[in-house]
Amino acid sequence: MDMETPPLPPAGVPPPLTPPPIITPPPPAQPRRSRVWMVVAIILFGLLALSLLGNFTQFVSRALSFGSGFNRNFRTTTSRDLGPKLDEYLVEDNDSRRKIAVVTVDGIITDHTVDRGGNNMVDVIKAQLNRAKEDDRVKAVILKVDSPGGEVMASDEINKVIGKFQEDSSKPVVCSMGSLAASGGYYISVPCRWIVANELTITGSIGVIMHGWNYRGLMDKVGIAPMTYKSGKFKDMLSGERSTNEIPAEEHAMVQALIDETYGRFTNVVCSGRGQAYQKNSKDGGQALAANWASFADGRVLSGSEALKHGFVDELGDFDKAVERAKKIAHISSANLVEYRERYDISDLFSMFGENSASHDIKLDLGVDMPKLQAGQLYFLSYTLVN
């Protein structure tokens, strides 16, 4: 059947309008879930896994190191756990069961600068010597010194630690001087059983220095006048705000007496250390202090050759010569050379976030380690070598 054609509209009448198509809007997009929390969770789980793996590795290594005496000697906490964490590294393998530990003192001697683990130079040296004392295979220690000196207290602590180590362990410490072992660098060397210096080593500089600035003249030029209220006549001692004519003579005398007292401590340490060493080394060619040695303890620097003439060192040579001397004193024919280096784990990384910003300052390396001398601080420091 044919479909009927709709009738045409009468002439002059417009056709009916076609209604517009209904456009249905697309459904709203589902909001994408943020995945930041997933990334953070993955990172945290990864750090946790690394921490657990590190702790497990330490546990296994300690268990294996105890050997057959594991049950008897096992300790959950040791002195090394509470201080610097040290790992032993083989420096020179001579196929021997015996060891000679190498302890290095490099740069300014201080107990203020701390490393990533929160330990200063004195802490690390103490831990290294304790490690050498506990290891029966270590028969001697070589102290490698390359330092212009540093703080009085830090130098004195290291000096005492070395002396006590030799007394408690009966293991000799042989000092190997590098290019520089002056002032405090020499102070920490004198308790050693034997001192080896290169011919060109700069050593000596036996003395004490206290450094400060007087800036009153500059203040007067710019019109700044200090206002000081003090409880006693000497409460502003060493202040740089006073003009030189305002400093009483008694203050000069007191400061000089303090320096002289510290200097006396230095010369006593030299006399005692070198005297004890000569008593043990005289048969092996060790050097005694010259009768006029005190006249060379006026702050002057000496070459290794000059130091040998006056008895400040025992022998000329390099590090290998120090190793041979250590083996001879320890009565061993061969030994492996080892070092104890600090280990940093994930806990040290976390602890860094709690430190102040000054500990993360960017430093420009100019090839010279310039000390930051603090006013009023006593130093065993070869001043001419660091200025």
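**Two helices side by side**

Let's start with a helix pair. Met121, Val122, Ile125, Lys126, Leu129, Ala132 and Lys133 in H4 meet Ala154, Glu157, Ile158, Val161, Ile162, Phe165, Asp168 and Ser169 in H5. Contact here means heavy atoms within 4.5 Å. Helices (H or I, at least four residues) and strands (E, at least two) are DSSP runs, numbered from the N terminus. By make-up, this contact of H4 with H5 has ten nonpolar residues, one polar and four charged. Nonpolar covers Ala, Val, Leu, Ile, Met, Phe, Trp, Tyr, Cys and Pro; charged covers Asp, Glu, Lys and Arg; the others, Gly among them, are polar.

A word on the source. This is a predicted model, where local features need pLDDT of at least 70 and side-chain atom pairs count only at pLDDT 80 or more, while totals for chains, interfaces and linings use all residues. Residues are numbered from 1 along each chain as its sequence is written, and side-chain values use heavy atoms, with hydrogens and water left out.

How do H4 and H5 cross? Their axes come within 10 Å and cross at roughly 5°. Axes are lines fitted to C-alpha atoms, for helices over the stretch in contact, and angles run from 0 to 180 degrees between N-to-C directions. H4 and H5 are therefore roughly parallel, a label for angles under 35 degrees.

Is Ile158 buried or exposed? Ile158 is buried, at a relative accessible area of 1%. Buried means under 20%, with a 1.4 Å probe and protein chains only. Beyond four places in sequence, Ile158 contacts Ile109, Met121, Val122, Ile125 and Ile188.

On to the core. The largest nonpolar core has 44 residues, and Tyr186 and Phe312 touch the most other members. Helix H4, residues 121-134, gives this core its largest share, six residues. Such a core is a set of buried Ala, Val, Leu, Ile, Met, Phe, Trp, Tyr and Cys residues joined through side-chain atoms within 4.5 Å. Outside its sequence neighbours within four places, Phe312 has contacts including Tyr186, Ile195 and Trp293.

Last, strand E6. Trp194 and Val196 point one way, Ile195 and Ala197 the other, and all are buried. Three bridges join E5 to E6, and the two run parallel. Strands pair if DSSP finds at least two bridges between them. Val174 stands opposite Trp194. E6 also runs parallel to E10, joined by two bridges, with Val196 opposite Glu315.

How values were computed
Buried means under 20% relative accessible area, exposed over 50%, partly exposed in between (1.4 Å probe, protein chains only). Angles under 35 degrees count as roughly parallel, over 145 as roughly antiparallel, 65 to 115 as roughly perpendicular and the rest as oblique.
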